[in-house]
Amino acid sequence: MPDTVTLKIKRQDSETSDSYWETFTIPYIPSSNVISCLMDIQANPVNAKGEEVTPVFWESNCLEEVCGACTMVINGKVHQSCSALVDQLEKPISLEPMSKFPVVRDLAVDRDRMFGALKKVQAWVTADGYHDLGPGERESTSHQEVAYKLSECMTCGCCVEACPQYSLSNNFLGAAAISQSRLFNMHPTAKNIADERLDTLMQKGGIADCGNAQNCVEACPKSIPLTESIAEMGRQVSGKFWRNIFQA
Amino acid sequence: MNKRRVIVIGGGLAGLAATMKMAELGMSILLVSFLPVKRSHSVCAQGGINGAVNIKGEGDSPEIHFYDTVKGGDFLAHQPLCKDMCLHAPYIINLMDRLGVTFNRTPEGNLDFRRFGGTLYHRTAFAGATTGQQLLYALDEQVRHFEVQGLVEKMEWHEYLGSVLNDDGRCLGAIIHNLRSGEIKAEKGDAVILATGGPGLVYGRTTNSMVCTGTAVTSAYLQGAKYGNGEFIQIHPSAIPGRDKLRLMSESARGEGGRVWVPRKAGDSRKPREIPEKERFYFLEERYPLFGNLVPRDVGAREIYDICVNDKLGVHGEMKVYLDLTHHTREFLDHRLGGILEIYEKFTGVDPHEEPMEIFPAVHYSMGGIWTDYTRTEDGLIDHQSPNNQMTSITGLYAAGEADYQYHGGNRLGANSLLSCIYTGLMMSPGVINYVNNVPESVEDVAENVFADATRQWQEKFSEIKGMSGKENPYALHREMAEEMISNVLIVRDNSKLKSTLDKIDEFESRWKNIKCVDTTDWSNPVPSFINQLWNMIQLSKIITKGALLRDEFRGSHYKPEFDLSQPSDFKPETYLEFEKQKEAGIVKENAFEPEHLAYMKRFSVNNKKWLKTTIATYKEGRPEISYEEVDTSLIAPRPRKYD
């Protein structure tokens with residue numbers, strides 16, 4: 001058993017300042033994860049040179065891989081830091097903020113663009129009201145299984161971080177939002193505006209921007225079949241395209 | 001559009017349900033949250049949401065759900081609220097289904113229901129094992145739609161510090177801290193709703209998320225709001241140990257047939273699968289033949305404590321027991337429990353399809369919370385138009401969800417929290433709007449200096465915090481405080497230890513004054529906030545500990561062995577109802593009862609008279625002053641609980 005764990009952390013003091021690497025060496029404690037290491041640094045914010053520094057800033061909440069907050073690039077691979085176990089990681093452990101979003105500070109980034117994409121694809125059910133209107137539609141178990149998997153998406157950003165097409169300088173919707181449009185286009189009432197979602201996917205930044213690298217599905221921590229979703233939406237978009245032509 | 005505005009603090013199930021419902025009714029909403037609301041703690045709820053839909057034809061009904069809830073809470077919950085909640089539960093589940101929650105289905109395509117603790121019925125609707133996440137997402141989507149329509153404005157990355165109160169003590173808005181720029185300013189609101197969840201972090205590592213510090217409700221308490229039933233903290237029987245947090249292993253694992261056991265022989269070093277059936281002690285099944293592994297959480301946690309500490313039968317001699325699902329097929333487990341089994345494997349490296357899980361009890365939920373009001377109708381339900389519903393003792397300041405105190409009494413039943421969160425958010429909305437539309441003076445007409453003064457006070461407080469240059473690291477101090485709470489204010493409580501913990505908390509409070517603000521930068525700096533939250537957690541730990549010290553009885557999750565009334569094992573709760581009936585009629589036929597039963601019933605009656613009361617903590621001179629209030633038990637007569 002090692003006595004210590006070394007973490008190399010890419011830090012950045014503000015949105016506009018330059019980034020720099022800082023190394024921390026902390027006592028090794030069995031069953032640590034990246035979060036508990038960051039917490040240990042908080043409780044004793046001293047870098048490997050023995051200098052007192054500000055604690056590292058990161059974003060986290062649930063710590064059980066259901067909220068999506070603590071996503072970062074760990075040893076070059078995008079992942080939730082809560083489920084990144086120290087014993088399973090190569091040392092020293094390198095931590096960087098995701099590169100496809102503006103950095104807020106240190107390891108925290110601004111993923112507003114992803115939530116914005118959910119607005120663009122109208123990822124919601126339009127309800128007549130929240131009063132008692134009886135049960136919803138019956139559904140088969142097989143339909144539920146597909147929908148459930150898609151609805152596990154926690155907007156964490158792994159898929160778009162891994163995507164070669166998604167960048168700070170373009171407006172690609174990204175796999176997560178495309179997959180959400182599939183989820184709502186298969187819902188018994190949300191599909192009433194399926195065509196509007198397809199219109200969005202046909203615009204610039206839509207489905208045509210996908211380069212079919214298939215990195216997204218590999219990176220997804222919830223194993224959501226993102227490439228299947230993209231293919232399905234591709235089919236729906238081409239169907240709409242041909243319908244548009246014949247209706248014109 | 002309505003010119004008046006409501007501020008909702010917190011974007012979990014309760015906050016989003018209230019936001020959505022009030023927006024539907026045309027109210028403008030400012031929604032404030034630490035994080036993007038989609039990341040709120042409600043995502044951690046796994047097993048399901050209760051509602052007596054009776055899909056399985058078992059004869060379940062909202063009335064039975066109501067009874068189970070009240071009994072589960074050891075009769076400490078206000079009954080009209082519980083009844084109204086249970087009556088609305090089937091509608092809430094249908095609503096969430098309509099809004100797109102991917103609930104599991106029966107072969108015929110109906111919603112599927114499973115069993116949960118504290119009931120004998122299949123009453124829990126579920127979406128795999130991530131039901132809270134799915135419910136939250138559905139509400140998040142509705143609120144996002146309102147955001148696009150301009151009815152809801154979101155302030156994510158913002159923190160509630162306190163309320164703006166006028167001279168009459170009426171709430172006029174909130175002081176909001178921008179967690180990126182550090183700016184502190186007042187937001188005007190004709191009403192403010194605290195839907196800020198529970199206070200788990202007072203205990204450090206728990207099943208709660210990192211934002212669950214209870215800081216918002218504690219701030220309300222420090223501003224004069226009453227706090228109710230603080231000492232009732234739920235310990236969940238099954239969690240997975242971890243250094244940063246204790247991850248929940250859902251009760252649904254037992255709802256789907258999971259069996260809890262330990263080796264019969266202390267210190268048995270064999271692997272669990274090598275231990276033959278007859279050498280396994282299924283202690284919950286043996287001790288509670290009727291409810292078995294699905295006893296309520298307070299009972300389950302106490303039994304695990306008993307088996308590990310008193311009988312020394314814990315796995316590897318530790319405070320751990322096995323939770324075994326290996327008798328099910330992989331396909332069954334993945335379909336119904338997928339998410340949580342995956343999490344267990346990810347964090348422990350052990351595959352629960354093949355090996356029994358090792359679980360132990362962890363702090364999970366607070367039944368107590370900020371005191372809130374309600375208006376009951378003559379038939380024992382709730383008048384949904386009343387502006388009193390969910391209002392704290394500060395006029396115009398409301399609370400909903402885990403932040404309030406009134407639905408779960410002394411112990412919450414599993415899968416009732418998702419229900420109570422959505423129910424309170426929806427139920428309170430018409431009343432809040434009635435309040436807002438009838439306030440004598442809109443906040444827009446209040447003199448600006450009221451807001452400026454309140455803002456300045458908080459700005460000064462934060463610059464003082466930033467200037468703290470003592471020796472204590474705030475995070476290290478928090479760990480120490482949490483350790484003290486875990487050691488002494490947990491499953492089994494003892495007055496001498498509670499007393500010494502109260503002294504210890506005073507020490508932590510003085511050490512807090514010697515904190516060093518380890519980050520004094522201006523941008524996206526969480527440290528000053530945390531120091532302020534830690535102060536509030538210290539105050540909240542006093543509420544919990546003092547409430548526990550003064551309550552000399554055993555009720556629900558609050559267990560003091562010294563005051564256990566020792567229910568005879570062959571006692572039936574109905575006997576007590578007969579006894580009470582005779583008492584009311586003026587003649588008790590004492591000879592008709594077993595002497596041991598009679599003596600127990602007398603003890604029970606005296607104890608209830610004294611302690612079947614809500615604990616109220618009020619902030620006085622730096623400490624909680626404790627008093628007690630009557631509980632509305634008018635619908636179901638209180639009686640001894642029994643689950644075997």
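Modeller: This is a predicted model, and we can begin with Val321(B), which, leaving aside its neighbours within four places in sequence, is in contact with Val260(B), Trp261(B), Val262(B), Ile304(B), Ile307(B), Cys308(B), Gly314(B), Val315(B) and Ile359(B).

Biologist: What makes these residues count as in contact with Val321(B)?

Modeller: Two residues are in contact if their C-beta atoms, placed from the backbone, lie within 7 Å, and the residues listed for Val321(B) meet that condition. Val321(B) is also among the residues with the most contacts inside the largest nonpolar core, which has 259 residues.

Biologist: Why is this core said to lie between domain 1 and domain 2 of chain A?

Modeller: Domain 1 (4-109) and domain 2 (112-247) of chain A both give residues to this core, so the core lies between them.

Biologist: How do you know that α9(B) falls short of a straight helix?

Modeller: At 1.5 Å a residue, a straight helix of its 19 residues would reach 27 Å, whereas the end C-alpha atoms of α9(B) are only 18 Å apart. There is also a kink of about 100° in α9(B), centred on Leu337(B).

Biologist: What makes Leu337(B) count as buried?

Modeller: A residue is buried if 20 or more other C-beta atoms lie within 10 Å of its own, and Leu337(B) is listed as buried, as are others in α9(B), including Arg336(B) and Tyr344(B). The buried residues of α9(B) pack against β12 (233-240), β13 (247-248), α6 (252-255) and β17 (357-366) of chain B.

Conventions. Residues numbered from 1 in each chain as written. Chains lettered and ligands numbered in written order. Predicted model: local features only at pLDDT ≥ 70, side-chain atom pairs only at ≥ 80, totals over all residues. Core = buried A, V, L, I, M, F, W, Y, C linked by C-beta atoms within 7 Å. Buried ≥ 20, exposed ≤ 12 C-beta atoms within 10 Å, placed from the backbone. Domains from an automatic or database assignment. Helix = DSSP H or I, 4+ residues; strand = E, 2+ residues; numbered from the N terminus. Expected span 1.5 Å × (residues − 1). Bend = angle between axes of the 7 residues up to and from the residue.
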